Amino acid sequence: MTAKALTLTEKILHEHLVTGEMKKGAPIGIRIDQTLTQDATGTMAYLQLEAMGVDQVKTELSVSYVDHNTLQSGFENADDHKYLQTVAKKHGVFFSRPGNGICHQVHLERFGRPGATLLGSDSHTPTGGGIGMLAIGAGGLDVACAMAGEPFMLNMPRVVEVRLTGALQKGVSAKDVILKVLSMLTVKGGVGKVIEYTGDGVKTLSVPERATITNMGAELGATTSVFPSDEVTRDFLRREGREDVFRALAADAGAVYDERYDIDLAALEPLIALPHMPDVVKTVREVAGQPIDQVAIGSCTNSSYRDIMTVASILDGKRVAPNVSLVLSPGSRQVLSMVAEAGGLAKILAAGARLLECTCGPCIGMGQSPVTNAWSLRTFNRNFKGRSGTLSANVCLVSPETAAASAIRGVITDPREADFDLPAEPQAFLVDDSMIYAPEREHPESVEVVQGPNIRPLPENTPLAAAIEKEVVIKVGDNITTDHIMPAGAKVLPYRSNIEKISEFVFRDVQEGFKAHCQKAGGGIIVAGENYGQGSSREHAALAPMYLGIKAVLAKSFARIHAANLVNFGIVPLLFDEAADYESIAEGDVLFFDFSALAPDAPVRVENRTKKRSFSTHHALSALDIEMLKAGGKLNYIKNKQQS
Ligand code: F3S
């Protein structure tokens, strides 16, 4: 009998399978080879790792990056960074200092390897798919568990083939490819799926170009996206001085996919995502001429050597339009140093750009909030309302080519009208790991973990009661993002390790005084529409509501990572059977839930005591999820398991 032809996704999952059967939709547990954390999610993840009593991480490699919150306008961030550096050193984790670069880009350059599994406490972890690894974003607690050697649980994904043919024209780039995919599949189109790229067009794309595509696959809601590992991958690794980790990997001939899409790269033209969703995609031609106020280049999506040198070539000898503020936040120190050495930085600065640190910066609302009612063009991956820090801003997502061409003219401009050269790929990358610190392997017990006053103890949850009667403290509509639930930005991020304080910001822009409301009501229930919790992997969007006493979220549908985070923190995610039941509920209604018979596939009846009507709900909880919920969350569950 011949073996079944496998997709690349199935091959990697099969090699890492620990529990379960690889049947579509069925729960499986996989071994995690590598983990990454960033500072905004990392403090919690390491507090959780410590709470589990883990001395040394069990993964082949774990890295703690500091890239999100590097403003040090008070002691809080500095406290977080010190904690992260010392806790990493003690527990076997590499530490990448602030300024070394954004986690996903540095990981791709310095650590990723084809065929490995990577779990990261950041939703854009799928960037690693550009190098042929199965790289998945998750909440910090899941990453802490992976570091503790626990398998990562997910439902066996469906696999979507995106077959690429042809080659991109000058002025069209990888960003336009993923914007095209977003226009086809939408922000919900990837839920429960892995997007696998195949076809002749793959070999025309470099690893960083592939990584731009897999990075923004997160906006499809996909579990991850992955490219084959081929000679292009080998060449990238060789130039990074890491050819030894190369391994060729591709789907078997005749592998069967659940869905298939075709994209002719040669037929693509420059695209733009308009406010306020990454899938509101138009051609740049259609909106050309719109005056703009800001252009922001960089982020983990578009910061490769090719991206920044192309920008330098477009700006060469020109000036940024007086009505435009142009900022550059390079993705890694490696790229910044190489662009500087090649003369690109001088051209960018001469054109009037402002250079920021090699961090997330404006992408996470850390500075550079645009002017009121601004049109801001960004090479980033998200344009949710308010994420820039200016609620009235119109943020659009574009390629570096479109961004640079528009910065000069002051209006949205098709980059095919600009005069520029595509940069030659460097023969070798400038490798300097001096800002990455190895852990203390010999005497970890000698390392003191420094916990300043901003590092507060983890809040604890109580086991789930058999029956719950609570008020609907908020009712929201469709596509609520984790930014709505738990905003980011310079005022909030410093409190990621201080849940009592950060809980003041929950639903800040949606309902005034949400925290006080929850405290008065003694906790409560959230009612939501479609795709609740889309966006980042931010577990604080579940952890802070847990702290405020939220016991269940009743929604029409959930984003994958957020639903998992809710379970991790002991909040029950329930789904309406009928849309009409969503309509029948008002804020302030009191709902009663009987959780005594909570079981996989069993419906849960809900009684609206205010309206005197009852209705049925369902859920996608596994037996393990239910055990965790009953324990009051994953941390309690694991602690109980260790004690018994
Ligand atoms: Fe950072 Fe923005 Fe990427 S916050 S990790 S640059 S999505």
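Methionine 338 lies in helix α11 (residues 333-341), where helices are DSSP runs of H or I with at least four residues, numbered from the N terminus. The model is predicted, so local features need pLDDT of at least 70 and side-chain atom pairs count only at pLDDT 80 or more, whereas totals for chains, interfaces and linings use all residues. Residues are numbered from 1 along each chain as its sequence is written.

**Surroundings of methionine 338**

- Methionine 338 is buried because 20 other C-beta atoms lie within 10 Å; the cut-off for buried is 20 or more other C-beta atoms within 10 Å of the residue's own, with exposed at 12 or fewer and partly exposed in between, and C-beta atoms are placed from the backbone.
- Apart from neighbours within four places in sequence, methionine 338 is in contact with Tyr305, Pro426, Phe429 and Leu430, a contact being two residues whose C-beta atoms, placed from the backbone, lie within 7 Å.
- Between the C-alpha atoms of methionine 338 and glutamate 448, which are 110 residues apart along the chain, the separation is 36 Å.

- Because 11 of its 13 residues are buried, α2 is largely enclosed by the rest of the structure, and the buried residues include Asp39, Met44, Tyr46 and Leu49.
- The 17 residues of helix α3 (residues 75-91) should span 24 Å at 1.5 Å a residue, in agreement with end C-alpha atoms that are 24 Å apart, and α3 is mostly covered, with 13 of its 17 residues buried.
- Glycine 53 follows α2 with a positive phi near 75 degrees, and glycine 92 follows α3 with a positive phi near 90 degrees.
- The axes of α2 and α3 come within 10 Å and cross at roughly 45 degrees, where axes are lines fitted to C-alpha atoms, for helices over the stretch in contact, and angles run from 0 to 180 degrees between N-to-C directions.
- That angle makes α2 oblique to α3, given that angles under 35 degrees count as roughly parallel, over 145 as roughly antiparallel, 65 to 115 as roughly perpendicular and the rest as oblique.
- The crossing of α2 past α3 is left-handed, meaning that the near helix is turned anticlockwise from the far one by less than a right angle, while clockwise is right-handed.
- On the α2 side the contact is made by Asp39, Gly42, Thr43, Tyr46 and Leu49, and on the α3 side by Asp80, His81, Tyr83, Leu84, Val87 and His91.

**Helices α6 and α7**

- Helix α6 (residues 174-185) packs against helix α7 (residues 207-215) at an angle of about 25 degrees, with the axes 8 Å apart, which makes α6 roughly parallel to α7.
- Ala174, Lys175, Val177 and Ile178 of α6 make the contact with Glu209, Thr212 and Ile213 of α7, and α6 passes α7 in a right-handed crossing.

**Helices α10 and α13**

- Helix α10 (residues 305-315) and helix α13 (residues 400-409) have axes that come within 9 Å and cross at roughly 25 degrees, and the two helices are therefore roughly parallel to each other.
- The crossing of α10 past α13 is right-handed, and Asp307, Thr310, Val311, Ile314 and Leu315 in α10 meet Pro400, Glu401, Ala404, Ala405 and Ile408 in α13.

Notes. Expected span 1.5 Å × (residues − 1).
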